Amino acid sequence: MVSVPRGDAEATMNRPRPCDSDMSTVFSLDLLANILDRVSDPRDRKSCRLVCHGFLRAEEIHRRSLRVLRLEVLPGLLRRYAAGLECLDLSACPALDDRAFSAALAAGAGQWRLRSVSLSRASGVGWRGLAALVDACPRLEAVDLSHCVGVGDREAAALANAAGLRELRLDKCLGLTDVGLAKVAVGCAGLEKLGIKWCLEISDIGIDLLAKKCQDLKELDISYLKISNRSINSISSLGKLEVLNMVGCSFVDDEGLQFLKHRNNSLRSINISRCENVTSSGLTSVIEGNSGLQKLNVGDCFPELASLFFSKLNDLKDSLTVLKLDGFQVSASSLKIIGLNCKNLAKIGLSKCQSVTDEGIFELVANCVHLTTIDLTCCHLLTDRALISIGDQCKKLRCLRLESCNLITDKGLECIGTCCSSLEEIDLTDCSLSSTAMKYLSQCSKLVVLKLGLCYMISDEGLVLLASNCKKLRELDLYRCVEITDDGLAAIAAGCKKIQKLNLCYCTKITDGGLRHVSRLEELRDLELRGLCHVTSSGIAKIAMGCRHLSELDLKRCNLVDDGGLFALAQYTENLRQINISYCSISGTGLCMLLGTLKCLQDVKLVHLSLVPIEWFEIALRASYEKLKKLKLLIGLRNLLSPLLIEKLHSRGCRIRWVEKPFAARR
Amino acid sequence: MDLKLRKPPESSSLSSSSRNLKPDMPFVQFDSASLDHGVPRDQSFSEVFPQFVNQSRGVYVPETVTKNDLVIDWNPRLMLINLSFLEQKIHQVQDVVRSIISQEGHAFDRGNELAVQQQLVTADLTYIIIQLISTAGTLLPNIKNALLSTDPAVDRPDSGMGMNTNLSSGGGQKLNEILPQEVAKSCEYDELIKDFNACVGEGGELIKGLNHAGDELSESMPIDDHDVKDYDDVMDGENLPPGSYEVLQLEKEEILAPHTHFCMICGKGFKRDANLRMHMRGHGDEYKTPAALAKPSKEASSVPSIIRRYSCPFVGCKRNKEHKKFQPLKTILCVKNHYKRSHCDKSYTCSRCKTKKFSVIADLKTHEKHCGRDKWNCSCGTTFSRKDKLFGHVALFQGHTPTIPIDDAKVSGTPDTAQSSEATNGMVGNVGFNFSGNSPNDGQSLDIKSAAYSQGYFSPMNFDACNFSGLDEFPRSVYEVSESPFSFLSTGSCSFMQRNGEN
């Protein structure tokens, strides 16, 4: 695509170029729109709109969705895009409040075509802001208010005026009660998707009313609610319900699930994992009543599955594609029955099923050849033989999780590497692999996610092999791969340019030189450098300057990092949202600079900053109270910080974790 | 009034019943029937249990046993300990009874002696009850409920001895096993009767104490005000065939008279006969004798009385005997409460909310216990004391929503669109419901215990256990037309308007 050097980009924005008129005469607006339809990568689109004013205008008109990363640019962005915008994501702007939001909405008054708005974690927005939103956007269909811990009944009442609402997520809106839910249920009768996970105040009464008023519900998430069997009875009357998530509903038992038995087969997916009081018989009744079930997640409910369950699987013969049985005792014969009954199975989760053996896997994959995802986390008994049978049968395999399968060796991966060419994700954490395994893995050129944590024997050689072929790698976990040095990083940075997430914790041989290589990964968003004792501020500064998209950074126990590194971060990484600078040798000035300057910061861990005096803590936190959502501090500070500050933090939805940890020089 | 309506004392009822017995009736039947079901002694046996008379001995006995099983099925375990205690005592009687069996053959066709035997055994049993009444007392609340809810034969308010009732349900199971064996035994009849009277007196007092009913023995069905209310308005399932009972209609003045017992000397009025007797002591020593202080005997009205029911003097009321679907009231108390609630001004105003009015002071007191706790409001202005009631209401009506508690609104500050829309909703709702008219003489009990309703009209609609302590009369009247078809209340809308004004 068209690409413009970064330096020139800003210039284009400010200074009209002589060629502007020429370009827009050559490409008409609809032609440009046609082109833009085929440009999906946001970076490419950015390059596009920076070409000239004509392109910029075309992009303005063409743009349908917008995710705002920094609050200060919101008014300008909305002025520009108001006309065409349909999806607005403000979840990265936690400092947003009613006034700013209302003002922003007023910018496009009368012409909003917004259909979907995400205000997730924007706990500063209250009922006034929502009322303004509902007023301004008559076409509103989807609202996400999840994790806005301050949202309660009044906010729900404001939303209830949006009669056309179809999707609503209210996860962890702690203030929401039955009354608020009733408001929404009565106001938005056409609701199709609703998430009220973690809304702990909601009871059977509210669910009952919801089921009576919103008969069109297709997806419902009631995970972790304190509801009883009565709610399930109410829910069973929802004729169109397709997806039901009820994770951790510990007051629901088999009797409740019985209510799902006599339904009209609309249910496609059900998640009853962590429902402690559910047993095989409840599960069986769910299957009996819903023969169209495609996804079934029953992890961590009860230890043993009755044979009745397996025989019932036959009912779901053709439909079932996803089965998660985390934490069960699954014998080889059970796996054989699953294989025989569910031939269309695409995903199976057997994580923590410790009794799974090579034989069982063999029986399973012999029949389920369409499997794309196999989760075998913590199946300790598995050996290379299991991998060989998987490689032989599952040619479509895309995701394989083998964390803590200690008996697996390089030899097993040879088969996976040669046979499963479409593998995209593999988790090999805590498997005793060497660089030889990397040779086999590098054959999977489509690999996107690779986790090699605790594989102590992996060396630079392995990384070089990997980098030579896996160009699409986006996520690489090298936690405690202690053999890795700066050279390995150089190879990775040269080969895998798309890496967004990199974990280098406790790879103690890495120095500033290695970070200089890492800084070449322009797309890096999440970087963990915990315990890198040779890294200094200069390395961090390199990262800050190179990886402008960085949003999460862990510098815990990087003892040599001081104010200089933080200054660089404050200056360059505008999008930084999470940072851990515990145990770093920074002073009060550095902390203030960091917290005061970075506008997007939400999650900060500040444990054992022994050089920062208490007054500076106070000043730094006061400068940033309205944007912080999570804070980790030593418990000793609890009484030293002013109560007003703590109260203010809480009022904006910030959760403070007070930790009691003695200072330990090195873990 | 009480005097007039008082039933004969137990001794006379016993003797009268014995007199009324058909000479050819086997003892077995008589004994078990009277003891099992606490049938009032002042009724002829065949009237109460005609089916028993027609049945043969062998069929009948097991049937009563099953019937009793039904009565006690609410919690047999609870009373097991007490029953075993009872059992001991019963063994004593059993010895007596066994000796009777041997004489069964020749005692069979002598009606008079039969009666004597019956009295004998009854008296023995009464002794046992008196001994155990304190034990049984712990069970009484349960028994009471069971009586009210399950067995129509025992829950007749004017059924003879309260303790017999208790016996039949509490210890009845055990007794049943031995009772069929009871047959004649010669003994001193008069002495027994005397003892029995004493026991009745004592037993009555004990029951009173245990139930806090405070009623006289003549009304000793151990029920308190709430139960009476439930009776009054809810218990219509009696289905006595017309004509099988005597209908009594008191005059309005009689019903509303504050006092029914008057001192012959100074004219002071009393609600209770016992209080009058206590009062009389002040008028001289002659009123202090045990005879004067004893309960007046009902010997005078020894005419065998039939079941008595009451009619409301208000013509057109369903409780009036002229009504097509007449449903009689069961007791005087029911008449009083019904008449006041349905046909009188509501003169007692709640001192807290200044809105709710009642005609029965007990209703006011019950309301005041809960007044001010109606924190669950609907957008239509109706208030509820319980959340599930509000949500049941919201589920029934289109467009109604719960309102957010006011303290929340204050926190949020200025009125918002949502609130104003709720207010308008409320107005619309009121307009909608006001047209149905307004009956000042609303006959509904305002504080019906939900238990009475949970099995009632609303459960199929999931509108179970509707609470009427609030202003929510209209949903009820929608579904229940039993008593007053115009029971829509305007107070709901009025109060809402006022509240709006205040805010």
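Helix α25(A) passes helix α26(A) in a left-handed crossing, meaning that the near helix is turned anticlockwise from the far one by less than a right angle. The model is predicted, so local features need pLDDT of at least 70 and side-chain atom pairs count only at pLDDT 80 or more, while totals for chains, interfaces and linings use all residues. Residues are numbered from 1 along each chain as its sequence is written, chains are lettered from A and ligands numbered from 1 in the order in which they are written, and side-chain values use heavy atoms, without hydrogens and water.

**Helix pair**

- The axes of α25 (residues 563-572) and α26 (residues 588-597) of chain A come within 9 Å and cross at roughly 15°.
- α25(A) is therefore roughly parallel to α26(A) (angles under 35 degrees count as such).
- Contact (heavy atoms within 4.5 Å) involves residues including L566(A) and F567(A) of α25(A), and L591(A) and L594(A) of α26(A).

**Strands**

- Strand β23 (residues 630-634) of chain A has four of its five residues buried (under 20% relative accessible area, 1.4 Å probe, protein chains only).
- Strand β22 (residues 603-605) of chain A runs parallel to β23(A), joined by three bridges; D603(A) stands opposite K630(A).
- Five bridges join β23(A) to the parallel strand β24 (residues 655-659) of chain A, where W658(A) is the bridge partner of L633(A).

**Crossovers**

- From β22(A), the chain reaches β23(A) through helix α27 (residues 614-624) of chain A in a right-handed β-α-β crossover (clockwise from first strand over helix to second, with the strands pointing away from the viewer).
- β23(A), helix α28 (residues 643-651) of chain A and β24(A) also make a right-handed β-α-β unit.

How values were computed. Buried means under 20% relative accessible area, exposed over 50%, partly exposed in between (1.4 Å probe, protein chains only). Helices (H or I, at least four residues) and strands (E, at least two) are DSSP runs, numbered from the N terminus. Two strands pair if DSSP finds at least two bridges between them. Axes are lines fitted to C-alpha atoms, for helices over the stretch in contact, and angles run from 0 to 180 degrees between N-to-C directions. Angles under 35 degrees count as roughly parallel, over 145 as roughly antiparallel, 65 to 115 as roughly perpendicular and the rest as oblique.
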